[in-house]
Amino acid sequence: ISLLCFAETALAQSVTFRPGALELPTVTALSSCTASTKGRLVFNTTDNKMYYCNGTSWVNTEVAGPQSEPAFSAYNTPAQPGDVNYNSIDDGGSIVIFKAESYDVGNNFNTVSAMTNSNTFVVSANGTYHFDASVSMNLESKMIQNSDKVMIQLRVTSGANTTIAAQESYAPIANANFSVQINRDLKLVAGDKVRLYVEDNIYGTVYYQLTKCFFSGHLATNY
C-alpha cells in the first residue's frame with residue numbers, strides 16, 4: 001500500500017497549494033497589466049481584494065458584472081447674464097462642448113477647460129461602452145427643404161484616424177426648436193477618444209443650445 005502525503009507545494013510566482021486551499025501571490029500595489037502578464041491572479045493586501053490581469057487592466061474579481069468605472073455624465077451649467085448660450089455648427093460638423101460634470105468615475109472625461117483632449121472621453125480599458133447624448137437645436141427663420149438633415153454623431157479617434165462610429169439623422173421642422181438624441185454601444189480599445197459632434201446640410205447658420213446638451217457613458221463589459 002502506498003500513501004502520498006504533502007503539506008504544501010510552492011510554484012512559480014509564490015502560488016502555494018495547501019491542504020484544502022490555494023494561496024495566491026500577495027501584493028501591496030498592482031503593477032502594470034500588459035499582454036505579458038495576462039492571466040495573472042493576485043491578492044492585494046492594501047484593499048483586501050483579488051484581481052486578475054486581462055492584458056490591459058486589473059479586474060476586481062469580487063465585483064459581479066461590469067466594473068464600476070469608468071462612467072461619466074457631462075452637461076452645461078445654466079447661462080449667466082452675458083454668456084453665449086448658442087454655438088454655430090461649422091461645415092464638416094462641430095464638436096459639442098461641455099462645461100460641467102454630474103459625475104466622472106475614473107476621471108476619463110475632460111470638459112472644455114481641459115488643456116488637452118477637451119470635451120473628450122478617453123477610453124482606459126478595452127471593452128464595450130454605452131453612450132447616451134442629446135443636443136437641442138435652434139432652426140428659427142430657416143427655410144427647410146425635404147432633403148435637409150441634422151446629424152448627431154459619436155466620433156472615435158484611434159491613433160491618427162478619426163471615424164464616425166455612430167450617427168443618427170433627423171429631418172428638422174422649419175421655424176422650430178427640437179432635440180436630437182443618440183444611444184449606442186461601441187466596442188473600444190484603451191486609448192481611443194470619443195467626442196460628440198453635430199452636423200447638418202442646411203443652408204445658412206444653424207445653432208445648438210449649450211444649456212440643453214448632455215453626454216453620458218459607461219463601461220458595459222470588459223473584453
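Residues are numbered from 1 along each chain as its sequence is written. In this predicted model, local features need pLDDT of at least 70, side-chain atom pairs count only at pLDDT 80 or more, and totals for chains, interfaces and linings use all residues, while side-chain values use heavy atoms, without hydrogens and water.

Reader: Which side chain of opposite charge is nearest to Asp192?

Author: Asp192 is placed in the loop between strand S17 (177-188) and strand S18 (193-200); strands are DSSP runs of E with at least two residues, numbered from the N terminus. Asp192 is buried, that is, under 20% relative accessible area with a 1.4 Å probe and protein chains only. Asp and Glu count as negative, Lys and Arg as positive, and His and the chain ends are not counted. Asp192 has no salt bridge (a side-chain nitrogen of Lys or Arg within 4 Å of a carboxyl oxygen of Asp or Glu), and the nearest side chain of opposite charge, 7.5 Å away, is Lys193.

Reader: Which strands stand at the edges of the open sheet of four strands?

Author: The order of this open sheet is S4-S5-S6-S7, with mixed pairing; two strands pair if DSSP finds at least two bridges between them. Each edge strand has a single partner strand, so one side is left without a neighbour in the sheet; these strands are S4 (26-27) and S7 (58-60).

Reader: What is the bridge partner of Val42 in S6?

Author: Strand S5 (residues 41-44) and strand S6 (residues 49-53) run antiparallel and are joined by four bridges. Val42 has as its bridge partner in S6 the residue Tyr51.

Reader: What is the relative accessible area of Phe98?

Author: Phe98 lies in the loop between strand S10 (94-95) and strand S11 (100-105). Phe98 is buried, and its relative accessible area is 0%.

Note on methods
Buried means under 20% relative accessible area, exposed over 50%, partly exposed in between (1.4 Å probe, protein chains only).
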